[in-house]
Amino acid sequence: MFQAFLIKYGEIAIKGKNRHVFEEALIRNIEQALKPVEGEFEITTERGRIYVTAVGDYDYDETIGALTKVFGIVGICPMWQVELSDMEQMAKDVLAYVDDVYPDKHKSFKVLARRADKSFPLDSQEINRELGGVILEAYPEMHVDVHHPEILLNVELRNKLNIYSEVIPGPGGMPVGTAGKAMLLLSGGIDSPVAGYMIAKRGVTIEATYFHAPPYTSERAKQKVVDLAKIVARYSGPIRLNIVNFTDIQLYIYDKCPHDELTIIMRRYMMKIAEHFAKESDCLGLVTGESIGQVASQTMKSLMATNEVCTLPVYRPLIAFDKNDIIAISEKIDTYETSILPYEDCCTIFVAKHPVTKPNLNIIRRSERNLSEKIDELVETAIRTTETIKVEAE
């Protein structure tokens, strides 16, 4: 039974004098991720190493599941951590590890020792040879393969002796909370939850805004978005979700504007409202799930037309992704099955039959003048009546 885990990180290692800021954020996020897990854990650091140690009984599978969702982690190594003594005791500890972890000994292996404790009398190569010989003598059915071993036995001599041979991949990226905050325009589709996941992977804390259009969209459609936010929150941490009643704005645009421009004009007002909440929360930008050319509202000219109403930057993590690329990520993070549930959102309910794909900004602005009588009041009402909830991972 493993009682400790070595946490490997990637990009954090190349940070300069502020590296400790990223390490501290990663530790906080690990602590948060492990809170729902059965068991008690201690997190310690040692010269570029982060260790998670279980105190007493714990749920191994739950622990691994939680750690594989913490951005910044590139590898999780279940390990034995024992007191560092002499070569004779080290050999006993390594043999006990091999015996416990690998009941079937018909495997190739390689010993890779790292001697951080330079006071130890043997160097790394000498330790490799000694331990390799001890293993071969104890288990003659095993054999050495230095190029493609089935077991890469890592032996680290530090304050303690660390022994591990498995590296479970982590999600990579940067710790959430190290790159500011952004507002995600979240719908019930496939793309926007993936965009939220991708931007959080770069260390960005996300909030979200969803546009609801009752009675044209059902309460089940709203719950679908909340469920998607819960899944994304497994990786991003808790999400503050703004649920905007967009019905009156959509009906007014539908009544007053050319139907081939509906999608663009509605999208422009969504961006304006989302930006309002973004500025209230000190966000540094908006995030959308748009990909060039995927639909009419995502052509280059359409994206330019929606960008024009924003003063904050608009980040589009999926901008060059094919649909299959996006679906693959959605399946990996478990949002896909929820995204394809048949509950329409406001964007699909009011879509035009033949939407403009190359909108002219001057024409769009002229069409929007038809809204001048009531649109500001409707936007103000939508903002004032917005429901805000805190969504946490389940």
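1. A residue is called buried when its relative accessible area is under 20%. Ser-165, at 15% relative accessibility, therefore counts as buried. The model in which this value was computed is a predicted one.

2. Ser-165 is placed in the loop between β8 (160-164) and β9 (168-169). Its side chain takes part in polar contacts with two tyrosine side chains: Tyr-97 at 2.7 Å and Tyr-102 at 2.6 Å. Leaving aside residues up to four places away in sequence, Ser-165 touches these tyrosines, Tyr-97 and Tyr-102, together with Ile-151, Leu-152, Leu-153 and Asn-154.

3. The reader may next turn to the sheet. Six strands make up an open sheet with mixed pairing, and their order is β14-β13-β10-β11-β12-β15. Strands β14 (314-315) and β15 (387-391) stand at the edges; each has a single partner strand, so one side of each lacks a neighbour in the sheet.

4. Thr-209 stands opposite Asn-242 in β12.

5. Which strands does helix α5 lie across? Helix α5 (residues 191-201) lies across β10 (181-185), β11, β13 (286-287) and β14. The helix runs at about 170° to β10.

6. The axes of helix α1 (residues 19-34) and helix α2 (residues 60-67) come within 9 Å and cross at roughly 140°. This angle makes α1 oblique to α2, since only angles over 145 degrees count as roughly antiparallel. The crossing of α1 and α2 is right-handed. On the α1 side the contact is made by Ile-30, Ala-33 and Leu-34, and on the α2 side by Thr-63, Ala-66 and Leu-67.

7. Some backbone details deserve a separate check. The peptide bond leading from Pro-214 to Pro-215 is cis, with omega near 0°. Pro-215 is found in the loop between β11 and α6 (219-236).

8. Asp-282 is not a glycine, yet has a positive phi of about 60°. This residue, Asp-282, lies in the loop between α8 (262-280) and β13. With a relative accessible area of 62%, Asp-282 is exposed.

9. A positive phi, of about 75°, is likewise found at Asp-334, which is not a glycine. Asp-334 belongs to the loop between α10 (323-332) and α11 (336-339). Is Asp-334 buried or partly exposed? At 45% relative accessibility, Asp-334 counts as partly exposed, because that class covers values between the 20% limit for buried and the 50% limit for exposed.

10. Asn-362 counts as exposed, at 51% relative accessibility; the class requires a value over 50%. The side chains of Asn-362 and Arg-365 are joined by a polar contact of 3.0 Å. Asn-362 and Ala-305 are 57 residues apart along the chain, and their C-alpha atoms are separated by 9.8 Å.

Methods: Residues numbered from 1 in each chain as written. Predicted model: local features only at pLDDT ≥ 70, side-chain atom pairs only at ≥ 80, totals over all residues. Heavy atoms only, no water. Buried < 20%, exposed > 50% of the residue type's maximum accessible area, 1.4 Å probe, protein only. Polar contact = N/O pair within 3.5 Å; in protein donor to acceptor, adjacent residues only side chain to side chain. Pairing = 2+ DSSP bridges. Helix = DSSP H or I, 4+ residues; strand = E, 2+ residues; numbered from the N terminus. Contact = heavy atoms within 4.5 Å. Axes fitted to C-alpha atoms, helices over the stretch in contact; angles between N-to-C directions. Parallel < 35°, antiparallel > 145°, perpendicular 65-115°, else oblique. Left-handed = near helix turned anticlockwise from the far one by under 90°.
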